[in-house]
Amino acid sequence: MSKTLFDKVWDSHVVRKIEDGPDVFFIDRHFIHEVTSPVAFVGLKQRGIGVMYPERTFATADHNTPTWNQHLPVADPLSANQLEALANNAAEYGISHWGLGHRNNGIVHIVGPENGITLPGSTIVCGDSHTSTHGAFGAIAFGIGTSEVEMVLSTQCIMQPKPKKMRINVNGELGFGVTPKDVALYIISQQTTSGATGYFVEYAGDVFENMSMEGRMTVCNLSIEMGARGGMIAPDEKTFEYIKGRKHTPKGADWDKAMDYWKTLKTDDDAEFDIEFNYNAADIEPMITYGTNPGMGMGVTQSIPLAEEVQGGVATYKKSLGYMKFNEGDDMIGKQVDYVFLGSCTNGRIEDFRAFCSIIEGRKKADNITAWLVPGSHKVVDQIKEEGLDRILDEAGFVLREPGCSACLAMNDDKVPAGKLAVSTSNRNFEGRQGPGSRTLLASPLVAAATAVTGVVTDPRTLLETVTA
Ligand SMILES: CC(C)[C@H](C(=O)O)[C@@H](O)C(=O)O
Ligand code: SF4
């Protein structure tokens with residue numbers, strides 16, 4: 001029978017089918033971080049049970065870590081406790097742990113792929129919604145709750161009903177200045193934040209085939225923001241090239257054997273999806289959000305829609321604009337911004353820093369902007385330095401911080417003050433997400449850079465033209 005990529009990976013991991021119930025589903029790789037794992041370990045201890053396959057679980061500290069002076073003790077007691085619990089639990093159960101300052105430390109969804117833990121055809125979970133990122137490698141990857149973290153630690157399985165299947169095709173060529181982040185924000189603006197609820201998405205078509213692995217990770221990362229369980233892209237030569245030779249990837253004969261399998265990981269021509277959508281690359285502009293969910297996005301040159309033009313409740317829409325202190329019909333271009341955040345598991349990889357630097361090179365940070373540039377991992381820091389991007393940043397008046405989730409969710413000191421407006425390359429613009437009362441505009445690293453040097457929301461294409469002219 002014909003199968004989709006998703007079917008192939010899912011079916012090969014079902015340990016047992018329960019009639020009219022969920023599947024007992026085997027998990028190849030399990031990531032844990034300091035926020036959602038401590039309670040799971042307490043549960044194990046209370047029940048007096050151990051971790052079944054400690055070598056399949058990987059711990060990293062990221063959510064509430066400071067991005068400055070990481071060598072000093074963490075001042076916030078709650079954060080310090082969670083970090084200590086992660087370290088102690090990892091040591092007690094024999095789990096690999098990349099704590100603060102460790103060479104491999106960084107945001108969980110960035111260090112997994114960097115270290116070759118994320119592999120095609122594998123199943124990956126983490127107590128974290130953006131686990132969907134790993135789908136970029138043709139893995140089935142999704143977020144789980146803390147009770148499921150406990151279940152995976154103790155049995156390496158979870159109980160999961162098989163989601164429905166959606167395919168999103170984007171064909172054609174992306175325009176100048178249009179990045180993977182824009183593709184994702186465009187898709188979410190079309191789907192809304194609930195359009196893909198109950199589905200697992202496969203992204204297909206020219207745009208994803210031509211995209212770098214970094215870009216594919218950005219797209220899969222945002223799948224969750226339209227309600228999807230996860231998103232995935234079929235592995236290809238680019239995928240194999242990316243993972244080859246990394247710390248945890250198979251070597252020698254094991255690599256050849258794995259490759260034979262990985263090459264079969266494609267949707268069969270006549271396989272069926274429950275639902276399918278087609279979009280044109282040419283319709284996608286550099287995007288920006290104007291409201292308080294990631295579905296409220298539009299082309300950066302457009303004006304905020306009128307209440308009667310949008311689907312859903314008018315009252316909710318107006319409340320959202322009220323929070324943002326925006327009016328229907330406002331232009332986004334030219335709005336004064338206070339903060340720019342480059343980072344997160346959405347846009348904290350080397351390609352994002354290259355994109356940012358392509359705009360700020362030879363320019364200066366605007367005086368009204370506070371910029372937080374937070375690489376996703378120490379490896380990204382190393383790459384930034386190897387490529388000399390740190391000098392470009394320095395000359396333009398920017399400072400590079402240390403890795404972590406940072407202002408993506410503001411669990412550390414990187415909080416945008418109440419009322420201030422931030423252009424952020426992260427994935428959520430909910431009320432207070434970047435600090436109580438903070439206002440967030442989600443956008444690509446190019447839009448963030450253009451805004452950082454002008455001080456107002458800016459279409460990056462206007463600055464890129466100046467550079468290339
Ligand atoms: C803290 C964690 C549970 C949360 C998530 O699951 O996504 C965080 O990573 C986020 O991005 O909001
Ligand atoms: S960077 Fe943001 S979205 Fe990603 S895991 Fe951290 S808090 Fe969650």
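## From one residue to the whole chain

Glutamate 202 is in contact with Thr4, Leu5, Phe6, Arg167, Met232 and Thr267, once its neighbours within four places in sequence are left aside. The model in which these contacts are found is a predicted one. Glutamate 202 has its place in strand E10. It counts as buried because 25 C-beta neighbours lie inside 10 Å, and the cut-off for that label is 20 or more. One pair shows how the chain returns to this place: glutamate 202 and isoleucine 233 are 31 residues apart in sequence, yet their C-alpha atoms are 5.8 Å apart in space.

Strand E10 covers residues 199-204 and pairs with strand E9, residues 164-171, in the parallel sense over 6 bridges. Within this pairing, lysine 165 has phenylalanine 200 of E10 as its bridge partner. Both strands belong to an open sheet of 4 strands, ordered E11-E10-E9-E12, and the pairing is parallel. At the edges are strand E11 (230-232) and strand E12 (275-280), each of which pairs on one side only. From one strand to the next, the twist averages 20 degrees.

A loop residue comes next. Methionine 211 is found in the loop between helix H7 (206-209) and H8. Is methionine 211 buried or exposed? Methionine 211 is buried, because 22 other C-beta atoms lie within 10 Å, where 20 or more are needed. Apart from neighbours within four places in sequence, the contacts of methionine 211 are Pro180 and Arg216. Serine 320 lies elsewhere: methionine 211 and serine 320 are 109 residues apart in sequence, and 33 Å separate their C-alpha atoms.

The view can now widen to the domains. The chain is divided into domain 1, residues 5-275, and domain 2, residues 291-468. Taken over C-alpha atoms, the centres of domain 1 and domain 2 are separated by 25 Å. Domain 1 gives 38 residues to the contact, and domain 2 gives 38 residues. On the side of domain 1 that touches domain 2, helix H4 (108-114), helix H6 (180-191) and helix H8 (213-221) each supply at least two residues. By class, that side of domain 1 has 11 nonpolar, 20 polar and 7 charged residues.

A second sheet is also open and made of 4 strands, in the order E16-E15-E17-E18, with parallel pairing. Its edge strands are strand E16 (370-373) and E18, each pairing on one side only. Neighbouring strands in this sheet are turned against each other by 20 degrees on average, direction ignored. Strand E17, residues 421-424, pairs with E18 in the parallel sense over 4 bridges. One of the links is between valine 423 and leucine 441, its bridge partner in E18. Strand E18 runs over residues 439-442 and is covered on both faces. Arg439 and Leu441 are buried on one side, and Thr440 and Leu442 are buried on the other.

Helix H16, residues 445-454, lies across strand E15 (339-342), E16 and E17. The helix runs at about 145 degrees to E15. How many of the 10 residues of H16 are buried? The count is 9 of the 10, so H16 is largely enclosed by the rest of the structure. The buried residues of H16 are Pro445, Leu446, Val447, Ala448, Ala449, Ala450, Thr451, Ala452 and Val453. After H16 comes glycine 455, whose phi is positive, near 85 degrees.

The ligands complete the tour. Ligand 1 is surrounded by Val35, Thr36, His63, Asp128, Ser129, His130, Gly143 and Leu409. Divided by class, this shell has 2 nonpolar, 5 polar and 1 charged residues.

How values were computed:
Residues are numbered from 1 along each chain as its sequence is written. Chains are lettered from A and ligands numbered from 1 in the order in which they are written. This is a predicted model: local features need pLDDT of at least 70, side-chain atom pairs count only at pLDDT 80 or more; totals for chains, interfaces and linings use all residues. A residue is near a molecule or strand if its C-beta atom, placed from the backbone, lies within 6 Å of it. Ala, Val, Leu, Ile, Met, Phe, Trp, Tyr, Cys and Pro count as nonpolar, Asp, Glu, Lys and Arg as charged, and the others, Gly among them, as polar. Domain bounds come from an automatic or database domain assignment. Two residues are in contact if their C-beta atoms, placed from the backbone, lie within 7 Å. A residue is buried if 20 or more other C-beta atoms lie within 10 Å of its own, exposed if 12 or fewer, and partly exposed in between; C-beta atoms are placed from the backbone. Two strands pair if DSSP finds at least two bridges between them. Axes are lines fitted to C-alpha atoms, for helices over the stretch in contact, and angles run from 0 to 180 degrees between N-to-C directions.
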